[in-house]
Amino acid sequence: RQNNILSLWQSLADNFYPERADFRFQRVLGSELADATVDSYPILARRDLGNSFHAMLRDGRWFELDTNPDRTIDREGKHWLQRATAIQFRAMNDRKANFDRAVKNGDHDFATFGNAVLSIEPNRNMNGLVYRSWHLRNCAWEEDETGMVQTVARKWTPTMHTLVETFGLDKLSPAMKKKYEKTPFETTEVTHVVMPAVLTHNDKWVGKTKFVSYFLACEGGEHMIEEKGINYPYYAVPRFQTIAGSPYAYSPATIAA
């Protein structure tokens, strides 16, 4: 189903977002981005709409941690929530967390295509957060029975060096280790899948964790790099206008234009 919508996303990107217009082909670095564009007005309109999301929604102290509105909170509870809110702000605004860059990229995907895919995860040292935005071309997702996104799959092409820095050399297959030793900056194909633990039908995870994360190497035969249970969804998939029966949303701004 994701493959069927790539043609629409390519057409929208050609007109509104030429920087992202590589759904049906791989762009070579240094190629002209908007050489086929006749009018710059759609690009400027998309840029203004995408930028306005950040300006309107994330100005100043734009969120607070709270409890269920039906519950009463005493003074100590309010102090705890205020402190937790401040900690969350510091974690998100840390330069290394990459929050602003990720959500701004997501805003423009949201404005153009009606979908965005962001990942939120602990950093390598487990002392902060990392936010990243991913190309819609490489992501697919499915809804649960309530219409919420629950399973996300992503294609990833990291360099061998990045793979070793992320998972360690021991988790790579013998062929991948040899490739890393010879060409550490050559890329490889990896698939990442995050799904509810109940879908695995594996007693190792069911009832013990909410989600399961799989990193699977696809090049030179399948090899499970990492399989672990997590209690956070890992991916956030904001959607603009959803249509019944489809996990993929649309942007009313670009569809009408």
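**Exercise 1. Locate Leu199 and classify its accessibility.**

Leu199 lies in the loop that joins strand E5 (190-196) to strand E6 (211-217); strands (E, at least two residues) and helices (H or I, at least four) are DSSP runs numbered from the N terminus. The model is predicted, so local features need pLDDT of at least 70 and side-chain atom pairs pLDDT 80 or more, while totals for chains, interfaces and linings use all residues. Residues are numbered from 1 along each chain as its sequence is written, and side-chain values use heavy atoms, without hydrogens and water.

The relative accessibility of Leu199 is 40%, so Leu199 is partly exposed (buried is under 20% relative accessible area, exposed over 50%, partly exposed in between; 1.4 Å probe, protein chains only).

**Exercise 2. Describe helix H1 and its packing.**

Step 1. Helix H1 (residues 2-16) has 15 residues and spans 20 Å from its first C-alpha to its last, close to the expected 21 Å (1.5 Å times one less than the number of residues).

Step 2. Its buried residues include Ile5, Leu6, Trp9 and Phe16.

Step 3. The buried residues of H1 pack against helices H2 (41-57), H4 (99-113) and H7 (252-256), and against strand E3 (139-143), with contact meaning heavy atoms within 4.5 Å.
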